[in-house]
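Subject: Two-chain model for you to look at

Hello,

Here is the structure I promised to hand over. Please open it first, then read my notes alongside it.

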Amino acid sequence: MSFHFIKDQDFPAFLSGLIKARTVVGPVAKTSRQQEKFVFARLTDPAALRLDYDVTILPPKKEFFPPKQNLLLFDGPRVTPGIEPEEKVLFGVHPYDMKALDMTDALFREKNEDRNYTAHREAATVVVSSVQKVSPRAFWASIGTEVKPKGHDAWLTKVAGGCVYEAVTAKGEALLQHGKFAAASEEQKKAARRADEEAARQCPEKLQGTSASNAKKVRAAFSREELWTKFAQDCFSCGSCNTVCPTCYCFDVQDWWHVDQNTGGRTRTWDSCLTEDFAKISLGAGAQENFREERAERFRHRFMRKAAYLNEKLGGPACVGCGRCSAACTADIADPTAVINSIPEA
Amino acid sequence: MAKPKVAFFDFTCCEGCQIEFTNYGDPVFLELLKHVDVVEFREAMSEKCREPLDIAFIEGSFSREADRPRLEEIRRRAKVVIAYGQCAATAGINALKNHTSDYRKFVYGKDAALPHLDSQIAVGVDQAIKVDYYAYGCPVNKYEVLQIVSHLLHGKDPVIPNYPVCVECKRRETICRFDVGDYCLGQTARAGCGAPCPADGIPCEACRGFVDKPNHEALVKVLDKRAGMPKGWARHKTRMFTANQRGDVK
C-alpha cells in the first residue's frame, strides 16, 4: 500500500495516458430536459469524466455482469463461449459501490464459480473515488458500517490542489506510470481522510439500528402480513428497485435464433424478484406454480434478502445504502430506511 | 420436413402490424421464406388458401358478431393461432369506442345509419376463439415476432414478457420521465418493446397493454401526485390502449 499525490493540472494528462493504454470506464453525464444524471461509460475524452457525480443510474456491476450477456453463441452444433475478458480500468467507483462489487464477487465465486462474471472481474483494475457529492437518497454512512470496501486496486480522493491516490494492489500501482505522481504528504493523507468523513456526514438519510438488530427485526416481521400488505399497497411490481440495485444478481436465461434458424445464442438477462413471473415455475405436464404470487410477498422477499438472508454469507446486509432503489421507485415506497426504520424492534 | 404453412388474416384493424411484417428488409424476409411457407397474406400476395395451416396470424379485434364464423373457420384450420398485434390481443385502441355511444355519427356522418357500419363492443379475438400466443404492441415488435416464429419452429413455447417497461428503461439507463417532470405509464405497461419511447424522451403510453396484474390505482396516484395530472385525467389516461384491461371495462 502506498500513497501518492497528483496535482489538478496533471490529472487530465494522467487520464489521457490511461485512456491511450487501456479501456477506461468511468462516470459520465447523461441529460434529458436539462436534468443531469450519470452513467458508467467508456471514456474517450478525459474531460467527460465526472468524479463529482452523485450516483449513477446503474451500478458498476454492469461491467462484469451486463444487463444482457451472451453466455454462448452457437452455429449448429458448434458453440463459442461468450466470455471475452478485456483488461479495463473501472475508474471512479464510489466506496458503497465497491462494497457491492465485493458482494457480487463473493456471490458469483461461491460453490460453482460463475466464470461469465469472474473472468471479466479479474481482468479489471478498479479505482475507487471518494464521494464528492452525496446523492439525495443516500444512506451509505449508516448501513453495514462494519463491512469495509476491500476489492479495489486503488482509492482516489480529491483534496485541495489535487488528488491523493492510494495504490492498494500491484494493479493499482501499475496505473501510476501513466501520470505525474509524487509521494503524498501526511497532511494530504489526513485531508483525504477528512474528505471521506465529511461526505459521510452529508448522507441525507439514515438507517437506525445495527446490521444485527435490523436483520433480527426484519426476520421477525416475516409473518406480519398486514405490515407487508400496507408497505406494498402502491407497489407496481415494476422491478425498478431490483434492476438498479448494485447487489442484486438474479438472471434469466433464454435461447434465441437468427432468422437462418441455425445460428443464435443463449443469453442471460437481469431478472427481478419483484416482477410477477419471477417465481413462476413448472410443475411438469403443462402445470405452473407461482410461489410468490402476491405483490406483498415479493416486496417482503426483497427486504428479507437485503436485510437478513445474506448477512452471514456477506458479513453484513446485502444493501450498501446507495439509495438507487429509493430514487427509482416512482411510488416512493422502496426506500430501505423508510421501510426498515418503521418496522418495530423484535 | 415440409415448411410450416403460415397465413395472415385481418379483422378490425389498420393492418399496420401486417405491414410491419414486410419491414424486415429483403435479406431477412427472403431468409425467413426458406423456413416458412406464406400461403395467404393480402398485404404482399394475391393468392388465397383453403388448406390446413400450421400458424395463423390474426390481426384486428373482434367487433362484429358477423366475423365469428370466419374466426372459427381459421381456428379449425390452424394448429397454432397467434393474436397478432394489440387489436387482436386486447382490442387495443379499437376498444376506445366501447365507452362512447355517438362514435358512428362522428366517424361516418350522414352514412352513420348504414347497416354494415354497425359494430359491437370491440374485444380481443380470444373472446371468440382460443388463442395460443400473443404478439403484443401497436404495432407489433417485428423482432419479437421473429423470435416467436423461431421458437415455434424449434418446438419451444415463445417467451413473452409479463414485466413492466420500467425494467427495460432501467436496463438501458434511460432517465425516468418522472425525474424530468413528465408522466409515464411504463410502471403498468407490458415490456417487450425494449422501451424505445422513454429513451427518445417520450412517455410510454402502454401500447402493448398492461401486464397481467397492473396496479392501476397506484398509477393514478403517481400520475396525480408526481406528474401533476388532474385527477380525472390521471384516471382515464391509460384508456388509449388498455380500455379492455381496466377496472371499468365494458
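Two strands count as paired if DSSP finds at least two bridges between them. Keep that in mind for one residue pair in chain B: Lys5(B) has Asp37(B), in strand 2 of chain B, as its bridge partner. Strand 1 of chain B, residues 5-10, is joined to strand 2 of chain B by three bridges, and the two run parallel.

Please note that this is a predicted model. Its scores are ipTM 0.96 and pTM 0.95. For chain B the average pLDDT is 95, and 100% of the residues score at least 70.

**The sheet of chain B**

Chain B has eleven helices and five strands. What is the order of the strands in the open sheet? It is 2-1-3-4-5, and the pairing is parallel. Strand 2 (37-40) and strand 5 (133-135) of chain B are at the edges. Each has a single partner strand, so one side of each has no neighbour in the sheet. On average, neighbouring strands of this sheet are turned by 30° against each other, direction ignored.

Helices pack here too. Helix 3 of chain B, residues 68-77, packs on the sheet. Helix 3 of chain B touches strand 1, strand 3 (53-59) and strand 4 (78-84) of chain B. The direction of helix 3 of chain B makes about 130° with that of strand 4 of chain B. Then look at helix 6 of chain B, residues 142-153. Helix 6 lies across strand 3, strand 4 and strand 5 of chain B. Against strand 5 of chain B, helix 6 of chain B runs at about 155°.

**The domains of chain B**

Chain B splits into domain 1 (5-153) and domain 2 (165-242). Their C-alpha centres are 26 Å apart. In the contact, eleven residues of domain 1 of chain B meet nine residues of domain 2 of chain B. Which element gives the most to the domain 1 side? Helix 4 of chain B (residues 86-90) does, with three residues. By class, that side of domain 1 of chain B has five nonpolar, five polar and one charged.

Now the overall dimensions. The C-alpha trace of chain B spans about 55 × 50 × 30 Å along its principal axes. A compact globule of 250 residues would have a radius of gyration near 18 Å. Chain B has 19 Å, which agrees.

**Chain A**

Chain A holds twelve helices and 14 strands. One open sheet of four strands has the order 5-4-12-11, with antiparallel pairing. Strand 5 (78-81) and strand 11 of chain A stand at its edges. Each has a single partner strand, so one side of each is left without a neighbour in the sheet. Neighbouring strands of this sheet are turned by 20° on average, direction ignored.

Strand 4 of chain A and strand 5 of chain A run antiparallel, joined by four bridges. Asp75(A) has Arg78(A), in strand 5 of chain A, as its bridge partner.

The domain assignment of chain A gives domain 1 (2-201) and domain 2 (211-342). Between their C-alpha centres there are 26 Å. Domain 1 of chain A brings 35 residues to the contact, and domain 2 of chain A brings 30 residues. On the domain 1 side, strand 4 (68-75) and helix 2 (95-109) of chain A are the elements that give two or more residues. Helix 2 of chain A gives the most, with nine residues. The residues on that side of domain 1 of chain A are 21 nonpolar, seven polar and seven charged.

Along its principal axes, the C-alpha trace of chain A spans about 65 × 60 × 45 Å. With 346 residues, a compact globule would have a radius of gyration near 20 Å. Chain A has 22 Å, which agrees.

**Where the chains meet**

Best wishes

How values were computed
Residues are numbered from 1 along each chain as its sequence is written. Chains are lettered from A and ligands numbered from 1 in the order in which they are written. This is a predicted model: local features need pLDDT of at least 70, side-chain atom pairs count only at pLDDT 80 or more; totals for chains, interfaces and linings use all residues. Axes are lines fitted to C-alpha atoms, for helices over the stretch in contact, and angles run from 0 to 180 degrees between N-to-C directions. Two residues are in contact if their C-beta atoms, placed from the backbone, lie within 7 Å. Domain bounds come from an automatic or database domain assignment. Ala, Val, Leu, Ile, Met, Phe, Trp, Tyr, Cys and Pro count as nonpolar, Asp, Glu, Lys and Arg as charged, and the others, Gly among them, as polar. pLDDT is the predictor's confidence in each residue, from 0 to 100. The radius of gyration is taken over C-alpha atoms; the globule rule is 2.2 Å times the number of residues to the power 0.38.
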